[in-house]
Amino acid sequence: MAGNSSRRGAVRKSKKGVTVGSGGKRRRALEGRGPTPKAEDRPAHKAYTGGTGKSRSTRTERKAPGSDQVAGRNAVLEALQEDVPATKLTIMTRLDTDERVREILRLAAQRALPIAEASRTDLDRMTDHAVHQGVALTIPPYEYADVPELLQIAADRFETPLLVALDGVTDPRNLGAILRSADAFGAHGVILPERRSVSMTASVWKVAAGAAGRVRVAQVTNLNRALTSLKSQGVFVLGLDADGDVNTRDLELGTEPVTLVVGAEGKGLSRLAREISDQVVSVPMAGRAESLNASVAAAIALYEVSGVRERRGLR
């Protein structure tokens with residue numbers, strides 16, 4: 001009968017067999033849930049009042065744009081001891097203190113750092129769910145120099161420019177170690193590309209152990225273009241690679257204005273960086289190791305350049 005198809009729970013026949021009806025569920029689903037409650041009546045909304053008639057405080061500790069966090073008691077303590085720049089110390093509410101926390105609070109007070117309290121949930125969010133142990137230190141965004149500033153540093157010191165450029169290096173520990181070597185051997189700055197490269201993070205500050213505050217870092221949009229520009233200004237570009245044409249011990253260009261280009265971990269120099277280089281330099285090795293860590297190779301090359309300049313009376 002024609003009318004049977006509209007009854008609730010009706011059974012319809014098809015070519016494939018018997019199909020059971022929805023039992024009215026589809027019709028009830030279309031009825032809706034009524035009007036949307038006001039914002040102050042919804043617990044998940046920031047305007048929720050909880051029935052008091054007053055807006056409830058929902059201030060959440062968030063990571064400021066561009067900032068970074070050092071998380072964990074040992075890490076925060078070391079960062080404060082190394083004078084890593086910081087804008088705020090955040091402590092978890094009702095935190096159980098120990099000797100490290102007391103020393104952290106003392107150093108923060110000594111530096112007049114603002115100290116804030118936050119819940120465990122907020123600290124988890126701030127630190128991207130790192131093991132923070134109830135303590136986090138906010139590091140401000142690094143203020144990068146530009147390449148002309150690095151050359152000006154050398155000019156102000158009446159020294160021959162010595163720069164280091166990183167070609168695709170992504171490990172912050174390598175950058176931190178290279179900054180320490182640059183500081184030790186008189187380099188005037190380090191150049192980083194914006195993309196596919198490590199940047200100045202809290203991890204770098206920690207590994208650099210103070211050198212990050214003494215060696216300026218420039219960031220460029222296009223590294224190869226920056227290297228070409230340096231060449232036009234009389235700065236020789238020396239690529240550092242295991243398959244180099246020149247030995248670091250025979251580095252005659254070491255007395256000239258130089259930019260050492262350090263290749264990526266495991267990959268070495270990119271093709272374009274190699275083509276731009278005036279010379280490709282390698283570190284002599286007597287053992288069976290095929291290559292060296294990027295920061296180790298950079299340290300050896302900087303040491304050799306420093307030695308050449310000292311022997312020629314340029315330092």
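Q: In which helix does L77 lie?
A: This is a predicted model, and in it L77 belongs to helix α2, which spans residues 73–81.

Q: Why is L77 called buried?
A: The label buried needs a relative accessible area under 20%. L77 has 12% relative accessibility, so it counts as buried.

Q: Which residues is L77 in contact with, leaving aside neighbours within four places in sequence?
A: They are R100, E103, I104 and L107. Each contact means heavy atoms within 4.5 Å.

Q: What makes R94 an exposed residue?
A: Exposed means over 50% relative accessible area. R94 comes out at 74%, so it is exposed. You will find R94 in the loop between β4 (88–92) and α3 (99–110). Its phi is positive, about 55 degrees, although R94 is not a glycine.

Q: And why is R196 called exposed?
A: Its relative accessible area is 65%, and the cut-off is over 50%, so R196 is exposed. R196 sits in the loop between β8 and α7 (202–208). R196 is not a glycine, yet its phi is positive at about 50 degrees.

Q: Where else does R196 turn up, and what is the volume of the largest pocket?
A: The largest pocket has a volume of about 420 Å³. Among its 15 lining residues, those closest to the centre are D167, G168, P193, R195 and R196. Sorted by class, the lining holds 4 nonpolar, 7 polar and 4 charged residues.

Q: Why is R157 called partly exposed?
A: Partly exposed covers values between the buried limit of 20% and the exposed limit of 50%. R157 has a relative accessible area of 42%, so it is partly exposed. R157 is placed in the loop between α5 and β7.

Q: What does R157 touch, not counting residues up to four places away in sequence?
A: R157 touches A187 and H188. R157 and H188 are 31 residues apart in sequence, while their C-alpha atoms are 9.6 Å apart in space.

Q: How do you know that the buried residues of α5 are on the same side of the helix?
A: In α5 (residues 147–156), the buried residues are V147, L150, L151 and A154. They cover an arc of only 95 degrees around the axis, which puts them on the same side of α5. The face turned away from that buried side carries P148 and D156, which are exposed.

Q: What do the buried residues of α5 pack against?
A: They pack against β7 (162–167), β8 (189–193), β9 (217–220) and α8 (223–232). Just after α5 comes F158, with a positive phi of about 55 degrees.

Q: What puts the buried residues of α8 on the same side?
A: The buried residues of α8 are L223, N224, A226, L227 and L230. Their arc around the axis is only 160 degrees, which means that they are on the same side of α8. On the face turned away from the buried side are the exposed residues R225 and S232.

Q: What is found at the start of α8, and what follows the helix?
A: At the start of α8, a side-chain oxygen of N222 comes to within 3.1 Å of the backbone nitrogen of N224. The polar-contact cut-off is 3.5 Å. After α8 comes G234, with a positive phi near 90 degrees.

Note on methods
Residues numbered from 1 in each chain as written. Predicted model: local features only at pLDDT ≥ 70, side-chain atom pairs only at ≥ 80, totals over all residues. Heavy atoms only, no water. Buried < 20%, exposed > 50% of the residue type's maximum accessible area, 1.4 Å probe, protein only. Helix = DSSP H or I, 4+ residues; strand = E, 2+ residues; numbered from the N terminus. Arc of directions from axis to C-beta. 1 Å grid on protein atoms, 1.4 Å probe; cavity = no way out; pocket = protein on both sides within 12 Å on 5 of 7 lines; lining within 4 Å. Points joined across faces, edges and corners; volume = space filled by probe spheres on them. Nonpolar A, V, L, I, M, F, W, Y, C, P; charged D, E, K, R; others polar. Polar contact = N/O pair within 3.5 Å; in protein donor to acceptor, adjacent residues only side chain to side chain.
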